[in-house]
Structure formats: structure tokens, C-alpha cells
Amino acid sequence: MDIELITNILFAMVRSGTPLLLVALGEVVCEKSGVLNLGQEGMMLMGAVTGFIVALTTGSLALGVLAAMLAGVLMSALFGMIALGLRANQVATGLALTIFGAGLSAFIGADFVGKPLVGFAPIAIPVLSDIPVIGPALFQQDILVYLSLVLLVLVWLFFRVTRAGLIVKAIGENPWSAVTLGLPVLRVRWLAVAFGGALAGMGGAYLSLAYTPLWAEGMTAGRGWIALSLVVFASWRIGRILLGAWLFGLASILHLVFQGMGVDMSSNLLATLPYLATIVVLVILSSKQSRIRLMAPMSLGKPFHPAG
Amino acid sequence: MKASFKKTLKQAATVALSAAMTLGLAGQAVAKEDPLKVAFVYVGPVSDAGWTFGHDEGRKEMIEKLEGKVETTFVESVAEGADAARVIRKLAQQGNDLIFTTSFGFMNPTLKVAKQFPKVKFHHATGYKRSDNVSTYAARFYEGRYVTGLIAGKMTKSNVIGYVGSFPIPEVVQGINAFTLGLKETNPDATVKVVWINSWYDPAKEREAAEALIAQGADIINQHTDSPAPVQAAQDKGVFAFGYDTDMAKFGPDAHLTGSLVHWGDYYADVAKSVLNDNWEANDTWGGINTGMVKMAPYNKAIPADVVALAEKARAGIASGDLVIFEGPIKAQDGSEKVADGVKLEDKDILSMNWYVQGVEGKLPTN
């Protein structure tokens, strides 16, 4: 492997990991508040289609991204109404949201299939982008990649140093104790769910406006699910989400690169690596002790009713 | 004189009017004859911008060509397997005279339902099982790919061509081999790197594969997957690409050299006509450039005129039958002789092709 190839691989790794990073970042905030939203794939698709349509009709990519985030928020509000308002089973509601989003996005986007769009262009940061090997990967990307990294730092700081971050975590651990302390459990959970929706919409928009600027039915191809498993893989730690997103990105690039190099290794086997890692984490998580050790929010997925 | 002229005029008008009325009535009588009811079963949504989209374009073209004589319905996103039989049976019960099932996985359900409805005519795409009322049809995509190979050989500078593959099945391997034979014809030093993504349709993965190939020196990308993402990747990286299925030039105006397109409209119209004329019989059609089922997308301006001429000559040769793509001598990947000099591969050998020709790098994954 020469330097140029490694540079290219790292560049592709960051790009391929960005939608995962965005969606997982939204989901981890949601899960830290104790809500498990499995509707990421549906929200991503709605974000992708809305972003594409708005960007194409208005000619503004920025408006497209905003519209995508709004679409994600609306989708998550639907989830909130059923799972938080009516206290329905979160797993079932999330799954329904994914199916709904896949169908609705296909319906709205039918007239926009096969239309070309000029997507986000890379912005090279002077000097830094000339650093060998890692320069292009980190400093020669499009604006959404930079934005995803900024958001990552903000979320990390939010949980690390702010009181609000502590409140979200407290509610995720034990909403009943939190409510006795006078914390607005439902309001916080609503906000966390909406944040998750906005970032899932943005993750979808990254695909339809930057990575592969086009709309096609089901174009996320399961990335919402990968992002969900990424949250588990990262065991709810913000820093590890970045690491995980890049690792998953690297795994999906490497099995293609190895094929091109003629390495005699099953590409299917390589492609399964991220999932294998996730399963291992899930197995470890199955005991309560290790859940505590791995910082899983203890009330994750349990509906909350103030009275009981 | 004047009066008689007027009378003549009046008479002429009456005659004309009655003639027109007769014609009109006749016209009505023709319209009253029930149109042929034709149904289509699609595996994907008509908006997939690829395979199903192509079939639906064919359906629309058939309606245009046989205006008023056919009435069509379609059912989209039908899962391959047991449920397909239910959908096909329902269409037959609804009085459709001719049913096209457009995916390989509909093969057994189609035969099963065909047995129960012997008067209904069925056409199954890309399958190999037929009966008295079931025909099969497919397109020789690989013929178009040979032509793109000729162009690639002339256009490459790095002598490395990247090929984004879907699944290692004969249909795709035929395309890789035909492309490589064309490539070697114009540029014996060039090689083909293949990357399999194990999906027909995953824009992001297709793009990653194209980028991985470009990173390894490929300066032309060919694809056997359904989205235009590889063409976009080529456009962004400033290399060339060949599209597939539909004209993908708008996704990469500089990159898109040409592509092999599939075109079902003529075939669908011909089949419907044969049913209307009562001379339908079950058969197998594997149409290529000669029947218009496979076409080339417009050539990019970047291709020099002499290369376009070369490609067009090959296309004409394939159409007339003078140029046979899988005709020996053909060497297998390891250099051993696979097809002897002068021997033409039979269709059944092409349909089960599971080996690479010389010039393709990497090992063909075995399923």
C-alpha cells in the first residue's frame, strides 16, 4: 500500500462514516434520556427526500439541509406522540416509524427520481489540508462533515460540563427519582427525541445532498440500523461514537479496497465485521452488572408514567 | 348551371357526410372490440430509475405504439416468492390476456399460475423454464458492454479499468468478460479490477466501490449496479465512466462516455401484436443489439471520432452477426485456452458463465 492509497482510504473512511456519525449522535442523546427510537432509518429517508426536493426546487443546499432536519423533527414528533404521549411500546413504535418513513419518502419522492443535483463541494482548509496522509481526510471535506464534527464536540461538552446534560442523564437512569426532584421528565425526553430526529434528517441529507447527490427510493440502504448498532458499540460514550463511525466506515471501504487489490479474502466476511462487533457488545450488555459498567441508561426503552 | 352546381355540391356533401358517418361508425365498431388486456408484474418500484423503470418505459411505449388496442395494468414492488403467485393469479382472474412477469424470481410462480389459466399468455423475463403458454425473454446486455470495452481501451491512460459489480452471477460475469474482450482488442495492456458490493442497489456503497477503484489507479469506471452513484463518483474525481440501464449522462456530463441501455418497448409491442393477430406462440427471446433490445447511450464528445467509428462498426457487426463476441480463441484468466479458435460459445454456455477471461484481475467469488 502506498501513501496515496492510504490517504485516499482515510478520506473515504471519514466520508462514509459521516452519515453514521450524525445519526448515531442524535440517537445517543435520545437514548441517554431513556428513549429508544428505532425509527432512524425512516427519519433518515424522510430527511434525504425532503432535503433533496427542497434543494432542487429552491436551488439552495443550505435550505435543503434545514428542511431535512425539520422533516426529521416532524417524524420524531410522531414517534413522541405515540411513545411518550400515549406511552406505547417504544420498540414497536420505532419500527413502525421506519416502515412509515420508507413508504412515505418513496411516495413523496416519486417525481424526483433520476434528477441530477449539484451537491456540496469539498472545502479545503488552507495549510491544514496539505498535511500528508490525514490532511485530505480531515480538512478537505464538505461543510456537513465539518458540521458533524462540531456537533460531536458540542454534544460531548453538553454531557461533560453542563447541568442540562446531567439532567438528561439522570432522567435516562431513573425518571421516577428525577420527577420527585421536580425535573420535567417528559419535556426533556421530547427535546431529546426531537434532537435525534433533526440529526437523523441531517444524516439523510448528507447522503442525498453531499455523498451521492440524488434521490432514489430506499437509498439509505440500512445505514439507520448501522447507526443504531453503533450507539451500542460505542456503549453510549460520545468519543467512542466518532471512533466507531470511522471504524465502520473503514470496514466498509477496506473490503472494497482489498477486492481491488486482489487480496484473497471473503468480502462478505469483511463486510460483517461491524455487525459482529456489535453483537459482541450486545452479548456483554445482557448482564446487568456489565450494563452498569458500560453505562447503558438504566431506564432505556421503558415508558414513563409520572404516577407509576 | 348555377343551380345544378349547387345541387351537385349538396349531393357531394351528403355523400361525404354519409361516408364520414359510415367510417365513424366503423371506427366505433373497432373501438368497441375489447382492447387486449395486458398486465405487468414488477419486482421493484417504477421509480427505481433502473430495472423496473426500464420495463415500465417499455409498457408505455407499447401503449403508444398500439394506441387504443391495449389496456394495461401493473403491480409494482412484488416480492419474489410465494406471494408473487397470488398477485399473478389475481391478474389472470381479472381477465388479463397477456401477463409479463419481469424478474427472475417470478419464474416458478408464473409457471404455476400459467398451468391454471391455459388461455392466458405469460412472458417471464430472464428465466429458463417455458411451457405451452409461457414464453421467456431477456436481453444480451453483454453485447453493449463489448462496445464499451473497445472505447475504454482507447480512452484509458493508466490501463486500469474499475468495474463495480453487484453479484457474481453469470449475467454479470458475461458483461465483465465481454467488456474485457473488447478492452483487450484495442489495448492489450489494460486490465480490469472488479469490486463486488453484493447488492443491486445501494448508492452509497456503489460510490464507495467506485472511489476505492479510482484510489487504486482506475481511470475509467464501469458498473453493473443500478444507481448512477459510480458515474457521480467518476465525475467528481475527474475520470471517465460507463452508465448502465438508463442514460446516466446527466449525473456526470464529463465523465459519462456512453453506456449499454436496455429497451423493452419494441418487444412488448411485438408480443401484444402477435396476440392481437392470433399468431402468438410460446418461445424464447434473447434479444441483443440486433433486435433493438440493447442500445448504446449517446457518445460523449470526449471520445475521438475515430474511436466512435470503431465502436459503431463493432455495433453494426454485432447487429448483423458478423461479429460474435464469445468466439474463440478466448483465453481464461490463467492464460489457458478456454474457447478454441473458431468455436462460438453456445447460448447455454454463455448463460452459465462462471469464469473470467484473461485480463480480469482478482478471483471470481464462488457462491
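In this predicted model, helix H1 (residues 3-32) and helix H6 (residues 143-161) of chain A pack at an angle of about 30°, their axes 10 Å apart. That makes H1(A) roughly parallel to H6(A), a term for angles under 35 degrees. Helices are DSSP runs of H or I with at least four residues, and strands are runs of E with at least two.

**The H1-H6 pair**
- The crossing of H1(A) and H6(A) is left-handed, meaning that the near helix is turned anticlockwise from the far one by less than a right angle.
- On the H1(A) side, contact (heavy atoms within 4.5 Å) involves A:Val14, A:Thr18, A:Leu21, A:Leu22, A:Leu25, A:Val29 and A:Lys32.
- H6(A) contributes A:Leu144, A:Val145, A:Ser148, A:Leu149, A:Leu151, A:Leu152, A:Val155 and A:Phe159.
- Twelve nonpolar, two polar and one charged residues make up this contact.

**Annotated segments**
- UniProt, in an unreviewed entry, lists "transmembrane region" at several stretches of chain A, including residues 215-234 and 241-261.
- Residues 215-234 of chain A are 55% helix and 0% strand, with end C-alpha atoms 30 Å apart.
- Residues 241-261 of chain A are 100% helix and 0% strand, with end C-alpha atoms 29 Å apart.

**Overall form**
- Chain A has 14 helices and two strands.
- Its radius of gyration, taken over C-alpha atoms, is 19 Å, close to the 19 Å from the globule rule for 308 residues, so chain A is as compact as a globular protein of that length.
- That rule is 2.2 Å times the number of residues to the power 0.38.
- Along the principal axes, the C-alpha atoms of chain A fill a box of roughly 60 × 45 × 40 Å.

**Conventions**
- Residues are numbered from 1 along each chain as its sequence is written, and chains are lettered from A in the order in which they are written.
- Local features need pLDDT of at least 70, and side-chain atom pairs count only at pLDDT 80 or more, while side-chain values use heavy atoms, without hydrogens and water.

Key:
Axes fitted to C-alpha atoms, helices over the stretch in contact; angles between N-to-C directions. Parallel < 35°, antiparallel > 145°, perpendicular 65-115°, else oblique. Nonpolar A, V, L, I, M, F, W, Y, C, P; charged D, E, K, R; others polar. UniProt positions renumbered as here; feature names shortened; annotations may be inferred.
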